[in-house]
Amino acid sequence: MNVPRNSIIWNMTRKCNFRCEYCYFPHDNTPVTETLSAERIKDFLDNTGEIWKVGLTGGEPFIYPNFVDVCEVLTSSHIIGVDTNLSVSSKVKEFAERIDPNRVHNLYVALHIEERERIKGVDAFIRNAQLLMDKGFEIIVNYVVHPTLEGRFQADREFYASHGITITPRPFKGEHDGRRYPEAYGDRAQVIFGDHPEQGKKVAFNFYGVPCSAGRTLLRMEPDGTIFRCPGDKTVLGNVMDEVTLYEGHEPCIKKRCPCRGLDHVQLTDFEAHMVDGVQYAVVADNEQSRFAFEQATALVPNDPCAENNLGVLAWRRDDREDALLHFENALKSVPDNTLYGRNRDGAQAAQADFDPQICLDVNSDLIK
């Protein structure tokens, strides 16, 4: 499928019938009462003269009133993608019967194994996934590899494979035991994500100051119809029920952590592209490719502190403690008060047995880190 570049992420609701421990939304399984007109959304998108991918997310989209009707309206002109836990079996069956799989990019299905086991929903999940695949839908079943689940991930993957369902590991993003993930997987990432290098993109890069077409080719829509520039930049562009004014060009990113698909919309310099590649490879522990990318970056911008720090992380991973310390010290020379660089330098000096230095996610060398 040729997926449209233009993408709108519709946060349909923050309510969900799951209560995953690591979710950043408070659990709320009460009925969804705030709804929007699908026809009005379709008209807004049609009037741009572009075909859009409408990402239906939440919360849980399948608990949205008349969800399949909404999908039917949107797919008459545009493509949809759905983020779902695939637990509302009656709605899943209706979706499979009424919606054309050729108008659906994919269903990005969250397994959430502990919660699914709690509600005794494993068998229903397998049936729902098999139904959709039989109907021709592409489903990507993701497994959030929370640090507490690392020990059981491989066994779970084998179990679902025995039922014809491929499990894709998804990095946990957030704090656990004082560590920031996904960066803190370190070399363990090779075992988890080695067959899925694309998961290195699931990082909240710092694109601050980098030109981005968000606000024109990427939008975020809230449950009440408010349109934001993107999931990270809450600049209001209007409301889909009234009037929306889109940006015309590439405006600089104003956020220091990009939680969205910014990589599809930013304009990167060669240096920035190498930095992005280096981080992506580092997150999945492809350390040699990561090192090569950061070395290419430093060839273009010598002594960049973020690149120096990250080369230090890679040196530490290959047990070259002296080289790691040198890189961390070089990073601090440029930005003496940077907490991350200082923590990595101090840890390397102490040579702690469990020390796991953290990578830097900055990409713009023209800005103070």
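How many disulfides does a search of the whole structure find? The search finds one, and the close-up views below begin with it. The model shown is predicted.

**Figure 1. The disulfide between Cys306 and Cys360.** The sulfur atoms of Cys306 and Cys360 are joined at an S to S distance of 2.2 Å. The disulfide is left-handed, because the torsion about its S-S bond is about -115°. Cys306 belongs to helix 10 (residues 305-317), whereas Cys360 is in the segment after helix 12 (339-350), so the bond ties together parts that are 54 residues apart in sequence. Both Cys306 and Cys360 are buried.

Figure 2. A disulfide would require the two sulfur atoms to be within 2.5 Å. Cys212 is buried, its relative accessible area being 7%. Cys258 is also buried, with a relative accessible area of 9%.

Figure 3. Side chains of opposite charge can pair when their charged atoms come close. Across the whole structure, a search finds 18 salt bridges. One of them links Arg118 with Glu115, whose closest N and O atoms are 2.7 Å apart. Both residues lie in helix 4 (residues 113-118), where the three residues of separation between Arg118 and Glu115 amount to about one turn of the helix. Arg118 is partly exposed, with a relative accessible area of 40%, whereas Glu115 is buried, at 6%. A further salt bridge joins Arg152 to Glu117, again with the closest N and O atoms 2.7 Å apart. Arg152 is located in the loop between strand 5 (139-145) and helix 6 (153-161), and Glu117 in helix 4, so this pair ties together parts that are 35 residues apart in sequence. Arg152 counts as partly exposed at 25% relative accessibility, and Glu117 counts as partly exposed at 37%.

**Figure 4. A buried salt bridge and a salt-bridge network.** Glu222 and Arg220 meet through their side chains in a salt bridge, with an N to O distance of 3.3 Å. Glu222 and Arg220 are both buried. Elsewhere in the view, a network of salt bridges links Asp69, Glu72, Lys91, Glu94 and Arg98.

**Figure 5. The largest nonpolar core and the surroundings of Leu56.** The largest nonpolar core contains 64 residues, and those with the most contacts inside it are Trp10, Leu56, Phe67, Phe95 and Leu107. Helix 2 (residues 67-74) gives the most to this core, contributing six residues. Leaving aside residues up to four places away in sequence, Leu56 touches a set of residues including Trp10, Met12, Phe67, Leu74, Ile80 and Val82. Pro61, Cys71, Gly81 and Asp83 are also among the contacts of Leu56. Apart from this core lies another, of 41 residues, among them Leu314, Ala331, Leu340 and Leu361.

Figure 6. In the model, residues 305-338 are 79% helix and 0% strand. The end C-alpha atoms of this span lie 10 Å apart.

Methods: Residues are numbered from 1 along each chain as its sequence is written. This is a predicted model: local features need pLDDT of at least 70, side-chain atom pairs count only at pLDDT 80 or more; totals for chains, interfaces and linings use all residues. Side-chain values use heavy atoms; hydrogens and water are left out. Helices (H or I, at least four residues) and strands (E, at least two) are DSSP runs, numbered from the N terminus. Buried means under 20% relative accessible area, exposed over 50%, partly exposed in between (1.4 Å probe, protein chains only). A salt bridge is a side-chain nitrogen of Lys or Arg within 4 Å of a carboxyl oxygen of Asp or Glu. A nonpolar core is a set of buried Ala, Val, Leu, Ile, Met, Phe, Trp, Tyr and Cys residues joined through side-chain atoms within 4.5 Å. Contact means heavy atoms within 4.5 Å.
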